[in-house]
Amino acid sequence: MDQFVIKGGNPLVGEVEISGAKNAALGILPAAIMANESVIIDNLPDVQDINVMLQAIEGIGAKVDRMGPHKVKINGATINCFDVEYEYIKKIRGSYYLLGALLGKYNYAKVALPGGCDIGARPIDLHIKGFRQLGAQVDITGGDVCAKAEELIGSTIYLDKASVGATINIMMAATMAKGKTVIENSAKEPHVVDVANFLNSMGASIRGAGTDIIRVEGVEKLHGTEYSVIPDQIEAGTFMCAAAATKGDVTIKNVIPKHLESISAKLCEMGCEIEEFDDALRVVSSKPLKSTQVATLYYPGFPTDMQPQISAVLALANGTSVVTESIFENRFRYADELNRMGANIKVESNVAIITGVSKYTGARVNAPDLRAGAALVIAGLAADGFTTVDDIKYIQRGYENFEQKLMGLGALIEKVSDDKEIQKFKLKVS
Ligand code: UD1
């Protein structure tokens, strides 16, 4: 099994190029099958989740032509199957977008759900509520969600929570519905706006994405387009935190600085200097880090997907920080791992109390999920000595060439697969 081995202590210095946004692409790829013409999508991140989504799209009969690692041509005219196989949906959660795309285009979709507690922790009741309000009959049987309709008819749908997934899914289903749909209390995240812009470039009529009311005027059909995915806000934020934790000086290129404002604001409060350019940011961490308070919130609030990474930096700040997780309940699973590296984090319910320490010490740790894994890498980069991060399959789902990008900034990190390779790395860098 792949692992990262890291020799910490080097400040990250230099420039790094950010890839396309995984979570935007996970909505855009299913939306692409709604046209019966060729759609070209560029700036795709070359990560596991995207490759799995493309396999799922191919699996239902769409034509998928990989034009390069970041570019794909998709044609949905040949789709001949509306059931998405179980093995795909189990691998990535974003497959639920195939439900909205297929229902919107063919008035029928059947998609398997991940089992048991996964549903409990991340329900899709709001997606289902929206489909039903558009006139679909939705049943869950044998672990599958089956949605069907004679025709979809526009409606006003109020989301009890501003869910990103439900907003995108309902928006897709409504794109070719009869009449007008209004989604109230919609999510405002940058990837919601990107999926809406993409659908509009295919001829959809969606207004208000990025505000809390989205209006969709149904159109008869969608056409081909060429589109470039926005840069990944969370990948950029992760490199910002890595620069902060290692006392580095990193210019992060191919970003939309506006999407990073909440992260920039927190790093500034902690004593970092941030310089903004049109499509780049420079983070300089030259002063002692100060503690602060962070609460995750819907956009433009601080993103829950950045909570583990900023906590890894706060663990090195002078004083006591309080981090409140308001979106997901179980997102502090990295705290014990950071504590094994010398951090002082106490978790009570959805709050982490972080008392800053002067340094991390390298240890063998386990990545419990994608963003938590990234937080452990950040800690390893700042730590004295060697850190081994196990289970990096989670990290590879969402970060393109993570270790190469970090090496480009001077980090001593390598992907290895056994103890022998770890020893070799240690000899090489000692
Ligand atoms: C998406 C992102 C994920 C990010 C999250 C919040 C993708 C593929 N994933 O996940 O990385 O952490 O947004 O920014 O884009 N909820 C319900 N019922 C529903 C749907 C959601 O109660 O039907 C709740 C969730 O439990 C959670 C909140 O709403 O508390 C927000 O979840 P949501 O925005 O839907 O997250 P995802 O779309 O799953």
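Trainee: How many helices and strands are there in the protein?
Mentor: This is a predicted model with residues numbered from 1 along each chain as its sequence is written, in which local features need pLDDT of at least 70, side-chain atom pairs count only at pLDDT 80 or more, and totals for chains, interfaces and linings use all residues. Side-chain values use heavy atoms, with hydrogens and water left out. Taking helices (H or I, at least four residues) and strands (E, at least two) as DSSP runs numbered from the N terminus, the protein has 16 helices and 24 strands.

Trainee: What is the radius of gyration of the protein, and why does it count as compact?
Mentor: The radius is taken over C-alpha atoms, and the globule rule is 2.2 Å times the number of residues to the power 0.38. For 430 residues the rule gives 22 Å and the protein's value is close to that, so it is as compact as a globular protein of that length, with a radius of gyration of 22 Å.

Trainee: What share of the residues is buried?
Mentor: Buried means under 20% relative accessible area, exposed over 50%, and partly exposed in between (1.4 Å probe, protein chains only). Of the 430 residues in the protein, the buried share is 57%.

Trainee: What is the mean pLDDT, and over which residues is the pLDDT below 50?
Mentor: The pLDDT, the predictor's confidence in each residue from 0 to 100, has a mean of 94, and 97% of residues reach 70 or more. Where pLDDT is low, the predicted coordinates should not be read in detail. The pLDDT is below 50 over residues 115–120.

Key: Contact = heavy atoms within 4.5 Å.
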